[in-house]
Amino acid sequence: MDLVDPFGRTVRDLRISVTDRCNFRCTYCMPAEGMQWLPREDILTFEEIERLARVCVERFGVDGLRLTGGEPTVRAHLPVLVEKLSRLRVSSEADSPYAGRKPDLSITTNGATFRLLAHELRDAGLDRVNISLDTLKSDRFLQMTRRDELHRVLDGIVAAQEAGFSPVKINTVVERGVNDDEVVALAEFGRDHDVQVRFIEFMPLDATGHWQASTVVSQDEIVAAIAAVHPLEPVPARGSAPADRWRYLDGKGEVGVIPTVTRPFCGDCDRVRITAEGQFRTCLFATREFDLRALLRGAASDDDLAAEIVRAVGTKWAGHAIGQVSFIRPNRSMSQIGG
Ligand code: SAM
């Protein structure tokens with residue numbers, strides 16, 4: 001059975017936050033100090049995550065699982081979870097290229113310790129990796145992440161490629177007056193290192209609340225800056241993927257932009273999320289959550305879990321309404337939701 005929301009969109013992609021903790025303190029995401037971490041016992045165990053993922057994948061045909069956080073690599077024994085998830089099989093009735101097969105398993109990471117895990121994660125069944133990188137300047141990296149670890153992230157990208165992940169994607173949040181002068185340099189990093197850079201418009205999910213519309217560098221601005229130096233043509237048919245893509249006319253790969261704020265793509269959204277403590281969310285910007293952990297730790301059967309997931313998906317809204325008077329910021333920041 002497919003999971004279809006009230007606007008006819010079929011859910012295929014589940015983002016699973018495995019921890020709210022992070023070894024960075026990116027300014028657009030977290031405060032310098034004072035994050036209140038969830039107590040260990042509040043976080044879903046691997047067995048609980050596997051059970052929820054099994055219901056989504058094997059009953060509802062969800063065919064993509066992305067691990068995120070917080071920083072997913074700080075969760076101990078992460079390859080054990082990947083191995084468990086790689087044993088799931090997508091419902092054979094799903095209208096999906098993955099029907100009857102293992103779901104697509106991916107991770108979003110800051111990459112700082114990826115060298116230590118790359119091979120183990122690959123062997124456990126991880127298919128794809130996105131690494132976040134917002135600047136190529138080490139002093140700016142220190143300012144933006146509050147950690148002096150640019151060299152380790154760059155090494156993490158190399159380690160991902162050496163372990164056989166292809167393509168490796170880079171996530172770059174662009175904030176006006178912070179790193180927008182590096183858009184072309186970061187695009188060139190992608191061209192020169194055979195990685196796909198995806199620029200992300202700054203979203204109102206920062207913990208410090210400094211986001212304003214004026215701090216968003218729009219997709220149009222990003223693409224114009226790159227195309228002025230390296231001519232581009234659009235790649236058609238994005239489907240449900242969040243990034244619009246362009247290809248370089250000289251054949252040196254592609255670049256993408258995730259235009260959440262200026263060109264929302266909610267009409268094609270196929271994503272849902274589970275936070276580290278087992279709250280089910282139908283949108284990054286949702287203001288309502290469904291407590292799957294309470295069901296998992298009660299006497300709930302898989303049928304009960306499935307029914308609650310169907311109920312939750314039945315509340316998915318048409319779109320996030322950023323920029324409209326009706327927009328309400330969620331009371332969680334990106335790291336607490338799982339970006
Ligand atoms: N720690 C991992 C990482 O750095 O990739 C995974 C979690 S992080 C919350 C996931 C993604 O969200 C990262 O690419 C990060 O840059 C992005 N992000 C965080 N806060 C954001 C914001 N306010 N606007 C846009 N993207 C944001």
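**Notes on the model**

Reply: We can start at a loop: His77 sits between β2 (64-68) and α2 (78-86). Keep in mind that this is a predicted model.

Me: Is His77 buried or exposed?

Reply: His77 is exposed, with a relative accessible area of 58%. Its phi is near 60°, which is a positive value in a residue other than glycine.

Me: What about Asp194, what is its phi?

Reply: Phi of Asp194 is near 55°, again positive in a residue that is not glycine. Asp194 belongs to the loop between α6 and β6, and it is exposed, with a relative accessible area of 64%.

Me: OK, ligand now. Which residues come nearest to it?

Reply: There are 20 residues around the ligand, and Tyr28, Gly70, Glu71, Ser132 and Met203 come nearest.

Me: What kind of residues make up the shell, by class?

Reply: Eight are nonpolar, nine are polar and three are charged.

Me: And which strands supply at least two residues of that shell?

Reply: β3 (104-109), β5 (169-174) and β6 (196-201) each do.

Me: Where do N or O atoms of the protein lie relative to the ligand's nitrogen and oxygen atoms?

Reply: Tyr28 has a backbone N or O atom 2.9 Å from a nitrogen atom of the ligand. For Met203, a backbone N or O atom also lies 2.9 Å from a ligand nitrogen. With Asn171 the side chain is involved: one of its N or O atoms is 3.3 Å from an oxygen atom of the ligand.

Me: How much of the ligand does the protein bury?

Reply: The protein buries 95% of the 550 Å² that the ligand exposes when taken alone.

Me: Changing topic. How many salt bridges are there in the whole structure?

Reply: A search finds 32.

Me: Which residues are linked in a network of them?

Reply: Lys137, Arg140, Asp181 and Glu182 are linked in a network of salt bridges.

Me: Take Lys137 and Asp181. What is the distance, N to O?

Reply: The side chains of Lys137 and Asp181 meet at 4.0 Å, N to O. Lys137 is in the loop between β4 (128-132) and α4 (138-145) and Asp181 in the loop between β5 and α6 (183-193), so this pair ties together parts that are 44 residues apart in sequence.

Me: And how far apart are the closest N and O atoms of Arg140 and Asp181?

Reply: They are 2.7 Å apart, in a salt bridge. This pair also links distant parts of the chain, with Arg140 in helix α4 and Asp181 in the loop between β5 and α6, 41 residues apart.

Me: Why does Arg140 count as buried while Lys137 counts as partly exposed?

Reply: The cut-off for buried is under 20% relative accessible area, and exposed is over 50%. Arg140 counts as buried because its relative accessibility is 14%. Lys137 has 38%, so it counts as partly exposed.

Me: Staying with α4, which residues are buried there?

Reply: In α4, Arg140, Phe141, Met144 and Thr145 are buried. Seen down the axis of α4, the buried residues fall within an arc of 110°, so they line one face of the helix.

Me: What is exposed on the other side of α4?

Reply: Asp139 and Gln143 are exposed there.

Me: Why would residues a few places apart in a helix point the same way?

Reply: An α-helix has 3.6 residues a turn, so residues three or four places apart point the same way.

Me: Which residues does the cis peptide bond at Pro167 join?

Reply: A cis peptide bond joins Ser166 and Pro167, with omega about -5°. Pro167 is located in the loop between α5 (150-162) and β5.

Me: Last one: where is Asp5, and is it buried or exposed?

Reply: Asp5 is in the segment before β1 (13-17). With 5% relative accessibility, Asp5 counts as buried. The C-alpha atoms of Asp5 and Cys283 are separated by 12 Å, though the two residues are 278 apart along the chain.

Terms used:
Residues numbered from 1 in each chain as written. Predicted model: local features only at pLDDT ≥ 70, side-chain atom pairs only at ≥ 80, totals over all residues. Heavy atoms only, no water. Near = heavy atom within 4 Å. Polar contact = N/O pair within 3.5 Å; in protein donor to acceptor, adjacent residues only side chain to side chain. Areas by Shrake-Rupley, 256 points an atom, 1.4 Å probe, with all protein chains shown as cover. Helix = DSSP H or I, 4+ residues; strand = E, 2+ residues; numbered from the N terminus. Nonpolar A, V, L, I, M, F, W, Y, C, P; charged D, E, K, R; others polar. Buried < 20%, exposed > 50% of the residue type's maximum accessible area, 1.4 Å probe, protein only. Arc of directions from axis to C-beta.
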